[in-house]
Amino acid sequence: MNAPLRRVGVVVMILFGLLFANLNWIQAYKADEYRTSDYNGRVQVAEYDRKRGNIEVGGTAYALSKETGGELKFQRTYPNGQMYAHVLGWKPVNGSANGIERLENDFLAGTSDALIANRIKDMFTGDETGGGNVLLTLSKRAQETAYKQLNDNQVGAKKGAAIAIDPRTGAVQALVSMPSFDPNPLASHNTTEADRAYNALEKDKDRPLANRALAEVLPPGSTFKVIMAAAALENGVGQQTEIPAGSSYTAPGAGQPIRNAAPSICPESQVTLRDAVTESCNTGFAQLGVRLGADKVKEKAKQFGFEQEDLTVGQVGEGGLPVAASRTGDMQNPDGSTDAAALAQSSIGQNNVRMTPLQGALIAAAVANDGSQMRPYLVKQLLGPDRTTVYDAAKPRELRRPVSGQVAADLRDMMQNVVKEGTGRRAAIDGYLVGGKTGTAQSGPDTPDHGWFIGFALDKDGTPLSAVCVELEQAGSGGSAEAARIAGRIMAAAIADSGRR
Amino acid sequence: MTAAAAPAASPASTGEQPGVRLARSRRKAELSLLLLAMVLVAAYAAMIEAKALDTVTSDFWVPAAALGLVFLGLHLVIRWLAPFADPALLPAVALLNGIGVGFLRRYDLAEAAPAERANLAVFAGTGGRQLAWTLAAVVLAAGLLAILRDHRSLSRYAYTLGLAGIVLVMIPAVLPGRFSEINGAKLWIRVGGFQIQPGEFAKLALLTFFAYYLVRKREVLSLASRRVLGIDFPRGRDLGPVLVVWLVSILVLVFEKDLGTSLLYFGMFVVTLYIATERVSWLLIGLILFFGGAYLAYLLGSTVGGPFANFYDRAQIWLDPFAEPYDRGYQLVQGLLTLGTGGLFGAGPGGGQPNLLPEVQTDFIFAGIGEEIGLFGLSALLVIYLLIVERGLRAALAVRDSFGKLLAGGLAFTLGLQVFVIVGGISKLIPLTGQTTPFLSAGGSSLMANWLLIAVLLRVSDGARRPVTGGGSAARPGGGPPEQLHGAPTEVIRP
């Protein structure tokens, strides 16, 4: 039996030789690949050796790193995290970051190409210079107002969004999605805890992680009438032109007639366009849409930014948080001809028309800014670790010109009338010219309506200061008036913060 | 009860000749190697604390000292009960066991909140539990040495052990999942918070049975055969019982969804058969059977599924773990990344991030250790394992009786194969199957079973090196050629 025993000894040696050879392959040949692999959590842990830069709003840091003395040297914390969650995002220990934390990750972490000089200097001095700082365009007061007013809304809406932008530049003044979440547990160094917090948010049926201001679309209701009015103005209809209205209108081929929100609204057979906007006359705009035709309606919406799939909000240059495309939806019969019933419904922002709150704000902003729609952005400035070197600063750029200056002026006039004596009275701000359009959109057969308001504020000289969109999901009765009230408060706060008041 | 068991009564007491024991027992070498091992374990603990805590606490040496006391106790038991046992076995195993305890404490440190790390109690957590298990396992090993004064007496209980082995293997398969299943493998008996892995003990019992049975039948198995296509096949009736044992354990293991253990049992069986019969044809048949079976299971898994789906899954992960790096392949991918991060020299004890690797305290402990001690450190660990296996085989070579040869040879090979299966599994050499890494992984069953295995090897090596009774033999060096000459007549002379 000794000969086979010796051979077994040799076999064991061969087996161990194979193990040894294989370990050489992994730990020597493939070592670098594995060490720097995207799947390797240690790469992320190494990031915690350098102090990550701040994300600041109006001189206050709302995302900052605090020294821990632990294995991961810095803990990312978000003071007032709930209020800024959907803008800042969060930086987890495992996995990729979100929001601005993701967009400007390289700069914040200090690993971007722009900061290479700092890293080289560190190599000689042995210091660890932190990452760069990101300054946001947000207005502290506007953001706080938007968050508080939205969450304390008087109609008991649980979900919603608000976004305000500076019409002249596109700089975002406030961005809130309701319900919000606390990003702090998600950045916990205890990854089990962080995972648990994330899973809880992920499972929440109100989807607090969703950014409703940018990435969620809903039927816009009557706010869509601004686009309809623009199309009408460009097709020979003036503010004072009488258009057919009435207490009810049944489009050719439609089963159900379209009615107005109240019997007191435009029961006469003809109203002026101006009155139709002021009162939010459904029958008037439905017939206007059918008269203009689907192509013109779709084209106008597209010129205002509908159908754009690659819009982002965020960085100084290109890139940013993804924005869902707003859609006018289908208005055709299966044979290709226009479905008048669908067109009539679409003309009052129902049927398959879907819009993001950002798109609503962009419409209002273009109207306020003489027809020039600016690209929205969140990052005002990239400030070096030394807090003096500016690496990049925002250069506003025009996105498109949906309407001419004259049409914009007419729209402004009509929208101001909405706030002066129409459905949007509660948006008024003392001493400023405020215009807007309310919207009440059916959400489903048995669910409460969504409330919308899009609007803008100008100073006495007509300089646009703020454009806003507030959306209260399934707010029910009084939703659009409450949205108008909140919109006014947000714009007033943004104006106050910019030192105009 | 049998012929093989008959000589068992006589030799235990006759070989003790004081002069020889003092001169050749090599117990002093064992003691100094053991002390060296414990110094290494203490140094390892100190390095871990220096790196992970930035300071060395005043009681870093406590686990090493506690282990040292436990092993010293076993050393004394060996001096008393097995004075001629191989002196390298205990220190080598003690070193591995100590590194295991040290690494598990290091794992506790990584899991603890940073503020609590410095105050982590020595006997708390996974590391503390492993320390307690070590004590239990060593006591068990000492007990076996005390009860089993001659390894040949084991053969008396061969059938009992064989039956016990089968029962142990089958219990988890029969038990409902909630009592037996952890991570998809039905390998456990869970009662309350307590769980044991009976398969770890079953391998010892089954091997004893194989060894006994094959010794009795080896002549028939190797001589009475039919030649087909140049290969000698044994008569079916001789092989029947062994095949049944093997088949039953394989079947049960397929239902327990653990192919690693199945591979282990099969390898154990084929190699003992080969050692017993000296016929290479058995190895060939075994290899073909195994790879054929594995391939068949793979095909069945991809088409039929059912009990084979698990194996198919594992094979898929093995072929391309990076295909689903966050899903099915997560464990293996993280294991590879951990090993790769370690590189040649490692991050230094305490310098890695074992908490990023799932199952690092059990299946993946070798990778977790590898991150910190690198390729060089892991090679050293492999050499220690190899040393233990080859020492076991050496005891098998030196022992005089066939049962002892088969027992020691089979046990030593099984240990080596288990290391191959798990280390090969986590390093993507072979499909990953859940096995414990002997002496390193957290867990009492594995530790106790493997220490029992070492106790048997110690007992056999003691029997092998113990000077034979009578005249001039006392002057000869133990374990030298004359002993083999002495043993020769018991061998069957074949062409």
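A salt bridge is a side-chain nitrogen of Lys or Arg within 4 Å of a carboxyl oxygen of Asp or Glu, and in this predicted model the count of such pairs between chain B and chain A is 0.

**View 1. The interface of chain B and chain A.** When chain B and chain A are put together, they bury about 4,100 Å² between them, and 70% of that area lies on carbon and sulfur atoms. Within chain B, the residues that lose the most area to chain A are Leu337(B), Leu375(B) and Leu397(B), which together account for 13% of what that side buries. The contact draws 56 residues from chain B and 35 residues from chain A. Although the number of salt bridges across it is 0, the interface does hold 8 residue pairs in polar contact.

**View 2. The side of chain B that touches chain A.** Two or more residues are given to this side by each of α5 (114-117), α11 (259-277), α14 (330-342), α15 (365-398) and α16 of chain B. Of these, α15(B) gives the most, with 15 residues. Sorted by class, this side of chain B has 31 nonpolar, 17 polar and 8 charged residues.

**View 3. Helix α16 of chain B.** After α16(B) comes Lys428(B), whose phi is positive, near 65°.

Notes:
Residues numbered from 1 in each chain as written. Chains lettered and ligands numbered in written order. Predicted model: local features only at pLDDT ≥ 70, side-chain atom pairs only at ≥ 80, totals over all residues. Heavy atoms only, no water. Helix = DSSP H or I, 4+ residues; strand = E, 2+ residues; numbered from the N terminus. Contact = heavy atoms within 4.5 Å. Buried area = accessible area lost by both parts, 1.4 Å probe. Polar contact = N/O pair within 3.5 Å; in protein donor to acceptor, adjacent residues only side chain to side chain. Nonpolar A, V, L, I, M, F, W, Y, C, P; charged D, E, K, R; others polar.
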